[in-house]
Amino acid sequence: MTSEMITARAAGTWKLGDLSVSRVGFGAMRLTGSAAFHNGTPSDRGRSIAVLRKAVELGVDHIDTAAFYFSALRAANELINTALAPYADDLVIATKVGPFRDYIGEWGTSARPDQLRGHVEENLRQLGRDHLDVVYLRRMRQDSIAEHFGALAELREAGLISHLGISAVEPRHLAEAQAIAPVVSVQNRYALDRPDPEADELLRLCGEQGIAFVPFYAVAGDTGERGATGAHDDEVLAVAQAHGVSPAQVRIAWTLHQGPHVLAIPGTGNPDHLAENVAAGAVRLTGDELARLNTARQQTG
């Protein structure tokens, strides 16, 4: 079976609150250029729109975005609006608030709690929606997230947001947020080549509580916002060869194998890579392969 024939449903589904999504979604960061934010060169607009429409054709029903995902000429939210509005009833769009970039793309100070409504409304305008399905509070190094998360909880009560998530947090922040309002998902950096005991603990806590764990940079690894890594451990290469897939697909498959509550949101501006990313949800790793990959991961640290 070719990648083009495999849909996102091959990975199974999970619920973000009352919203059912396929476990392989799509991250919009790479839609705007050859590298995220103001790095690299702006993308071809038509190609980015085609990638979004192809993602939906392949069964992707969970898109992760943010108003601060933009390059000199492209904005992820505008591309999503153009490509997919009017939106299908089963399409879940998640966005993040907290970080801020000015009009020339430079990072500004993170939002105060009283500024978060403006961040939410900016996403609403750009996406052309009257509510947001999921909004993450992206923690910006503050010790406590209670005041910021409380401000988003008020917007949830007002009907601007359906569900809340938290991002870039420590395990203690999950309990802090849960005491204020339900958390349906946690989005933290997590990758095969990046061992992190704190992230492992969050993964465990989310599984126990039925909360989605949504890793970012799972394919990019240490290269982060610059794009997918080209450095692959020998075990990753061996497993990829055994399954006849790419190393990136092995990394996505390993991510999904960390638990039924784990969602993957690989991003790309390349239609071929998109089909491969979605098809990774059909890759079934053996217990021995997982053990070998996990051993290599610990040795990386």
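Trainee: What are the ground rules here?
Mentor: The model is predicted: local features need pLDDT of at least 70, side-chain atom pairs count only at pLDDT 80 or more, and totals for chains, interfaces and linings use all residues. Residues are numbered from 1 along each chain as its sequence is written, and side-chain values use heavy atoms, without hydrogens and water.

Trainee: What volume does the second largest pocket have?
Mentor: About 300 Å³. A pocket is an open set of points on a 1 Å grid over the protein atoms alone, where a 1.4 Å probe fits, with protein on both sides within 12 Å along at least five of seven lines. The volume is the space filled by probe spheres set on the points, which are joined across faces, edges and corners.

Trainee: How many residues line that second largest pocket?
Mentor: 16, and Ala-67, Phe-70, Phe-100, Arg-101 and Glu-122 lie nearest its centre. Lining residues have an atom within 4 Å of a point.

Trainee: Which helix gives the most to that lining?
Mentor: α3, residues 116-127, with four residues. Helices are DSSP runs (H or I, at least four residues), strands likewise (E, at least two), numbered from the N terminus.

Trainee: Switching topic. At what angle do α7 and α10 cross?
Mentor: Roughly 160°, with the axes of α7 (residues 234-243) and α10 (residues 287-300) coming within 9 Å. Axes are lines fitted to C-alpha atoms over the stretch in contact, and angles run from 0 to 180 degrees between N-to-C directions. The two helices are therefore roughly antiparallel (over 145 degrees).

Trainee: Which residues of α7 meet α10?
Mentor: Glu-235, Val-236, Ala-238, Val-239, Ala-242 and His-243. Their partners in α10 are Glu-289, Arg-292, Leu-293 and Ala-296. Contact means heavy atoms within 4.5 Å. By class, six residues of this contact are nonpolar, one is polar and three are charged.

Trainee: How far apart are the axes of α1 and α2?
Mentor: 9 Å, with a packing angle of about 60°.

Trainee: What is phi of Arg-141?
Mentor: Near 70°, a positive value in a residue other than glycine. Arg-141 is in the loop between β6 (132-138) and α4 (146-157).

Key
Parallel < 35°, antiparallel > 145°, perpendicular 65-115°, else oblique. Nonpolar A, V, L, I, M, F, W, Y, C, P; charged D, E, K, R; others polar.
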